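Work through the following exercises with the sequence and the model at hand, and try each task before reading its solution.

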Protein chains: 2
Amino acid sequence: MPRYRLTLEYDGRPYVGWQRQENGYSVQEALERAAFGLTGRATPTVAAGRTDSGVHATGQVCHLDIERDFAPDRLRAALNAYLKDESVVVLQAARAGEDFNARFSATGRAYLYRILNRRAQPTLDKGRVWWHPRTLDADAMHEAARVLLGTHDFSSFRATECQAASPVKTLDRLDVVRVGDEVQMIVEARSFLHHQVRNFAGSLALVGCGKWSAGDLQQALEARDRRLGGPTAPPDGLYLTRVEYPPA
Amino acid sequence: MPRYRLTLEYDGRPYVGWQRQENGYSVQEALERAAFGLTGRATPTVAAGRTDSGVHATGQVCHLDIERDFAPDRLRAALNAYLKDESVVVLQAARAGEDFNARFSATGRAYLYRILNRRAQPTLDKGRVWWHPRTLDADAMHEAARVLLGTHDFSSFRATECQAASPVKTLDRLDVVRVGDEVQMIVEARSFLHHQVRNFAGSLALVGCGKWSAGDLQQALEARDRRLGGPTAPPDGLYLTRVEYPPA
């Protein structure tokens, strides 16, 4: 049966997260309903990143199998027609090999975390940024974040309900830049622990407003204890922006 | 009575436009309710641009008179506290001279018009961009727009209900640039006719997708007849970004 790879954009606000759940409407369910509308068959999907409730995506990737042979652009258009009242769209569709798995074939994931750093609350970006009225020093955050790069036991930044087999991950990039009123974090790794990016954001915000030094961040990392990591920043500012795969 | 100048940001979607109206809730009413909450008195406001329903602002300016002497930052914080359930905020407050008038002292206004130019409908930017799935040539739009610069009778781009005394305006800037999936128009003039920027956007989109040549745009301008101008683009993509005043 032909396998397809889809690149998705979604506004996370109306959904309980990527994953199908008993107690709410998920991005996965919205997409699978669209696929059912198109094919008349139950069509399971597998995504690269199981984003939480309220987390957005501009480059989530999933795969699904459809009996019919679709030209990729027609598949995209047909699914988007079924998705017209949703906050999910297919940006791109492509044929994939039968051994392609959106989750297990991924070799890298990139996230953006947006902090609106000004006195006035957000209007146009409500629900799409973390509002942090106290002034943040983005350069200090960037400098401090150097200690997080590389391979570490990230237990201090791992949600207690995280199901990963090991707390050891390799962080490839964590850049903090100011863009006007916003402080943006760009984070890349092969894979992440649950809440890892939001826990980085919460901890680095403590550095940015002077409550933590770079040394405090390092101590938090070395403690390997979630109780000594910083607070979890809200989902509003988080975007899954890209998933990497080996060249086909 | 002390006069204050406020710089405002708002999401235009929940409002019938800037101006108070019998048949709906306006940005002006939201702001005047906040000012009433703070002062206990009816506090009329005057804005630089009377944005239409659904039009956004990142730099609207208005003035109002308040009996009490406020430190500008405290006035901003107090109004924003009253505005916390609205989609309007005060970005900046400043004392102004008693002859300052947000509308009549303005010497320039700048607008941004955002077009999402891709096949998939918007999700995160729904209501905040004009979705135009057919590919646009931003360079051709920019080139064609040169004929609009300078002083012209803009009757072809003027809403029939426009109340301006004259259809002659001087256009100082109209740049069209592509930014990823977006085509953005940046437009500046001392003042504008009703719907002028949205009519420019609708007409330039015809150029961008090859339905109009640059010569067609010039003919439309020279016809001085609204029936020969292009369609009015939706309010979703329009932002009042800046108002200029003479140095105090």
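**Exercise 1.** Find how much area chain A and chain B bury between them, and which three residues of chain A supply more of its share than any other three.

*Solution.* In this predicted model, chain A and chain B bury about 1,900 Å² between them, with 50% of that area on carbon and sulfur atoms. Turning to the side of chain A, A:Q121, A:T123 and A:L124 together supply 34% of the area that this chain buries against chain B, which is more than any other three residues. Counted by residues, the contact involves 27 from chain A and 27 from chain B.

**Exercise 2.** Determine which residues of helix α2 in chain B are buried, and what they pack against.

*Solution.* Begin with the helix itself, which covers residues 72-82 of chain B and has B:L75, B:R76, B:A78, B:L79 and B:N80 buried. Next, look at their surroundings: the buried residues of α2(B) pack against β1 (3-10), α1 (27-39) and β4 (88-96) of chain B.

**Exercise 3.** Describe how α1(B) and α2(B) are arranged relative to each other, and which residues meet where they pack.

*Solution.* First take the geometry: the two helices pack at an angle of about 110 degrees, and their axes lie 9 Å apart. Since angles of 65 to 115 degrees count as roughly perpendicular, α1(B) is therefore roughly perpendicular to α2(B). The crossing in which α1(B) passes α2(B) is right-handed. Then list the partners: from α1(B), B:A34, B:A35, B:G37 and B:L38 meet B:L75, B:A78, B:L79 and B:Y82 of α2(B). Sorted by class, this contact of α1(B) with α2(B) has seven nonpolar residues, one polar residue and no charged ones.

Methods: Residues numbered from 1 in each chain as written. Chains lettered and ligands numbered in written order. Predicted model: local features only at pLDDT ≥ 70, side-chain atom pairs only at ≥ 80, totals over all residues. Heavy atoms only, no water. Buried < 20%, exposed > 50% of the residue type's maximum accessible area, 1.4 Å probe, protein only. Helix = DSSP H or I, 4+ residues; strand = E, 2+ residues; numbered from the N terminus. Contact = heavy atoms within 4.5 Å. Axes fitted to C-alpha atoms, helices over the stretch in contact; angles between N-to-C directions. Parallel < 35°, antiparallel > 145°, perpendicular 65-115°, else oblique. Left-handed = near helix turned anticlockwise from the far one by under 90°. Nonpolar A, V, L, I, M, F, W, Y, C, P; charged D, E, K, R; others polar. Buried area = accessible area lost by both parts, 1.4 Å probe.
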